[in-house]
Structure formats: C-alpha cells, structure tokens
Amino acid sequence: MGYRKLGRRSDHRNMLLRNIVTSFLREGRLQTTEPRGKEIKRIADKMITLAKRGDLHARRQALAYLLDEDVVTKLFKEIGPRYADRQGGYTRLVKVGYRRGDGAPLVLVELV
C-alpha cells in the first residue's frame, strides 16, 4: 500500500494534505494525529528535495502542489539551502500524547 486513506475520499484527502503541508512549511512545526503526521513527513521531505534542486522545473512542481506562492518562495529561499548538505530526513515526528476527545495519538511534526 502506497499511502494512507485517512478516512476520506481521494479528492478530500488530497486537498487536506495539500493544506496541511502548506501550513507546515509556513510555520515550521505542526501538531496533528500520527497517521496524518506520517503523510505530512513523506510529502514535506519531497518538497524540500525539490527546493534543494532549485531549478525552474522544481519550483513549478512545488507551485503545482503547494497552495501559497509565499510558502514556495520561503521553501526555495530559506528552507532548501538550509538542508543543502543533508541527505534526507528533513522532518521529525515527536509523539506528544493522546487527544482528549477520542484518544487519537498526537505527534508534533517539525523541521530538523
């Protein structure tokens, strides 16, 4: 299985992930449930790899996925160069506890 369904239809799931990854790259850290966090990590690492490449095609690929041009600019100007000498693993998941309402495991997703 290549991805998690997250209990949503594919169009809703894709937009949810695009929104969350855009917010994550804007803020640098985010608290969410563990399955969502693992998907965010997977996609955000790909976006940072695009930013490390830094060419026009990579920028257009990032613009096609992320919802905010300012986030793409930040990704290519600040985040990408910061990880230029790193071979992957740009994000980390830290387990925080469990959500009060339904007991879902929570994680903090942050840039390393």
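Tutor: We start with a term: a strand here is a DSSP run of E with at least two residues, and strands are numbered from the N terminus. Thr33 sits in such a run, strand β1, which covers residues 29–33. Please keep in mind that this is a predicted model.

Student: What makes Thr33 count as buried or exposed?
Tutor: Buried means under 20% relative accessible area. Thr33 has 12% relative accessibility, so Thr33 counts as buried.

Student: Which residues does Thr33 touch, leaving out those up to four places away in sequence?
Tutor: With heavy atoms within 4.5 Å as the test for contact, Thr33 touches Arg99, Ala104, Pro105, Leu106 and Val107. Gly97 is 64 residues from Thr33 in sequence, and their C-alpha atoms are 9.8 Å apart in space.

Student: How many helices and strands does the protein have, and what pattern do they follow along the sequence?
Tutor: There are four helices and three strands, and reading along the sequence gives α-β-α-α-α-β-β.

Student: Why does the radius of gyration agree with a compact globule?
Tutor: For 112 residues, a compact globule would have a value near 13 Å; the protein has 14 Å, so the two agree. The C-alpha atoms fill a box of roughly 45 × 30 × 25 Å along the principal axes.

Student: What makes a set of residues a nonpolar core, and how many residues has the largest one here?
Tutor: Its members are buried nonpolar residues such as Ala, Leu or Met, joined through side-chain atoms within 4.5 Å. The largest core has 27 residues, and Leu25, Met47, Leu66 and Leu75 have the most contacts inside it. The elements giving two or more residues to this core are α1, α2 (34–53), α3 (56–65), α4 (69–82) and β3 (105–111). Helix α2 gives the largest share, seven residues. In soluble globular proteins, nonpolar side chains tend to be buried together.

Student: Which residues does Leu25 touch, again leaving out those up to four places away?
Tutor: Leu25 touches Met47, Leu66, Val71, Lys74, Leu75 and Ile79.

Student: How do you know whether Leu50 is buried or exposed?
Tutor: Leu50 belongs to helix α2. Its relative accessible area is 13%, so Leu50 is buried, the cut-off being under 20%. Beyond its neighbours within four places in sequence, Leu50 is in contact with Ala58, Gln61, Ala62 and Phe76. Glu27 is 23 residues from Leu50 in sequence and 19 Å away, C-alpha to C-alpha.

Student: And where is Leu6, and what is its phi?
Tutor: Leu6 is in the segment before α1 (10–27). Its phi is near 60 degrees, a positive value in a residue other than glycine. With 18% relative accessibility, Leu6 counts as buried.

Student: What about the charges: how many side chains are positive and how many negative?
Tutor: The protein has 25 positive and 13 negative side chains, and the centres of the two sets lie 5 Å apart.

Notes
Residues are numbered from 1 along each chain as its sequence is written. This is a predicted model: local features need pLDDT of at least 70, side-chain atom pairs count only at pLDDT 80 or more; totals for chains, interfaces and linings use all residues. Side-chain values use heavy atoms; hydrogens and water are left out. The radius of gyration is taken over C-alpha atoms; the globule rule is 2.2 Å times the number of residues to the power 0.38. Lys and Arg count as positive and Asp and Glu as negative; His and the chain ends are not counted. The place of a charge is taken as NZ of Lys, CZ of Arg, CG of Asp or CD of Glu. Buried means under 20% relative accessible area, exposed over 50%, partly exposed in between (1.4 Å probe, protein chains only).
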